[in-house]
Amino acid sequence: MAEPKRITAPLSDDDIMKLKIGDSVLITGKILTGRDAAHKRLFELAQKGEALPVDIKGQIIYYVGPAPAKQGYIIGPAGPTTSGRMDPYTPKMLELGLKGMIGKGVRSKEVRDAMKKHKAVYLAATGGAAALIAKNIKAVKIVAYEDLGPEAIRELEVEDFPVIVANDAHGGDLYEEGQKKYRKE
Amino acid sequence: MREVDYNQVVETVSRLCMEANYFLGGDVVKAFNDALKKEESETAKNILNQLLQNAEISRTEKIPICQDCGFAVVFLELGEDVHVKGNIIKAINEGVSKGYTEGFLRKSIVSDPVKGKNTGDNTPAIVHTMIVPGDTVKITVAPKGGGSENMSEVKMMKPADGIEGVKNFVIDRVQRSSSNPCPPTVIGVGIGGTFEYVAFLAKKALLRDIGQRHPDPFYADVERELLQRINNLGIGPMGLGGRTTSLDVFIEVHPRHIASFPVAVNTNCHAARHKTAVI
């Protein structure tokens, strides 16, 4: 297996342009979390032209709703949720400067087009590898919407967080190309 | 008549909820290892290795395999010569509440589908009860994740569609599901019965261990053929391309009405969780 690429979050534009679909990547640094309810709130503020409670410019958002943490753990199992549910809000987030997303499953054409336009990447984490992924999360801090419980926006400090580049900033789509490559008629 | 204590049911269900979420079956772990040997895609191998490591962490640290700890689906085989002191359905729900709370499992159940809020303890369970001969209580807890359940379907086909129609429907369902149900999946197929019963058959099919073929050689062959065709789709682990789209396909059948030909596909993610106990 090819050696994974190591990148630091938040991402630099230079790093983003170097990432290609199929790359195995380990992320170290700070990322944000957000899923359905938080996206809805951010989107509504953005539409009204109001400031967001957290600056998403240059950031990566991880779509996750962790299980409860048991004693001695800083976070419970924390695998990715289905990204498609965030598709209606995502082009707006990218317009505001979001540079990366971590989740599972295919994105809509609108999201893929917006990613290419705004030079952003979509990284696939392994669904159901929640216990493993939680090991790479070193610190957790709630930064907005505490009332949303598991859906609150958190800042995660991650170390060697494993992902695969599913959609790159050049328009590449691993869901389409990977499946085509291994299809047998 | 043999008597079983209410609390024994509570404790058993609580334990099964935790064990099903912490300990991935040996059959599934073996299936990951077998798939690794056959995989051609580097991305797919990477993902399968992650799933193996994940199962090992869950097992040794007793933490859930996946943050989606599922709807608690319970198969209850109640012997006709046994009596549970108190209401057994209440005991099962108490067990689910205890298991999900004490086991740090995520609670994912909303009290009313439209107007509801999270019930806070993952109750109520879905309980399928079967009265069987004997004086024991057999309980299987099969936590079912939402992402893969959403990729399931019932179709009222025509008797003229026959087995070829069934095969094409299953393949089409898997193709349309693509990356969504967290492949490599396990596919349960129900054929026959009625509209509601065929869905139950597809769910029940998921309780089989990977590699366990239908006892009727005809359906065993259909299972093998479907698995081959699904894995030729190229969807691969997490939909990123590869040879391993499903780990197995299980068919359950039932007599049907002369006018009807119900078929159901129940999709399970790779976290094919189920644990059984006999009281």
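Author: A crossing of two helices is left-handed if the near helix is turned anticlockwise from the far one by less than a right angle, and right-handed if clockwise. This is a predicted model, in which local features need pLDDT of at least 70 and side-chain atom pairs count only at pLDDT 80 or more, while totals for chains, interfaces and linings use all residues. Residues are numbered from 1 along each chain as its sequence is written, chains are lettered from A and ligands numbered from 1 in the order in which they are written, and side-chain values use heavy atoms, with hydrogens and water left out.

Reader: How many nonpolar residues has the contact of H6(B) with H8(B)?

Author: Contact (heavy atoms within 4.5 Å) involves residues of H6(B) including Ile163(B), Val170(B) and Val174(B), and residues of H8(B) including Phe218(B), Val222(B) and Ile230(B). Ala, Val, Leu, Ile, Met, Phe, Trp, Tyr, Cys and Pro count as nonpolar, Asp, Glu, Lys and Arg as charged, and the others, Gly among them, as polar. Beside 3 charged residues and 1 polar residue, the number of nonpolar residues is 9.

Reader: How are H2(B) and H3(B) oriented to each other?

Author: Helix H2 (residues 26-38) and helix H3 (residues 42-61) of chain B pack with their axes 10 Å apart, at an angle of about 155°. Their crossing is left-handed. Angles under 35 degrees count as roughly parallel, over 145 as roughly antiparallel, 65 to 115 as roughly perpendicular and the rest as oblique. H2(B) and H3(B) are therefore roughly antiparallel.

Reader: Which term describes H1(B) and H4(B) relative to each other?

Author: In chain B, the axes of helix H1 (residues 6-22) and helix H4 (residues 88-102) come within 7 Å and cross at roughly 40°. The crossing is right-handed. H1(B) and H4(B) are therefore to be described as oblique.

Reader: Which element gives the largest share of the lining of the largest pocket?

Author: Of its 43 lining residues, the closest to the centre are Arg35(A), Asp68(B), Arg106(B), Ser108(B) and Gly146(B). The lining divides into 13 nonpolar, 18 polar and 12 charged residues. The largest share, 4 residues, comes from H5(B).

Reader: In which loop does Pro184(B) lie?

Author: The peptide bond from Pro183(B) to Pro184(B) is cis, with omega near 10°. Pro184(B) lies in the loop between H6 and strand E7 (185-193) of chain B.

Reader: What is the phi of Lys119(A)?

Author: Most residues other than glycine have a negative phi. Lys119(A) is placed in the loop between helix H4 (109-118) and strand E5 (121-124) of chain A. Its phi is positive, near 55°.

Methods
Axes are lines fitted to C-alpha atoms, for helices over the stretch in contact, and angles run from 0 to 180 degrees between N-to-C directions. Helices (H or I, at least four residues) and strands (E, at least two) are DSSP runs, numbered from the N terminus. On a 1 Å grid over the protein atoms alone, a cavity is a set of points where a 1.4 Å probe fits but cannot get out, and a pocket is an open set with protein on both sides within 12 Å along at least five of seven lines; lining residues have an atom within 4 Å of a point.
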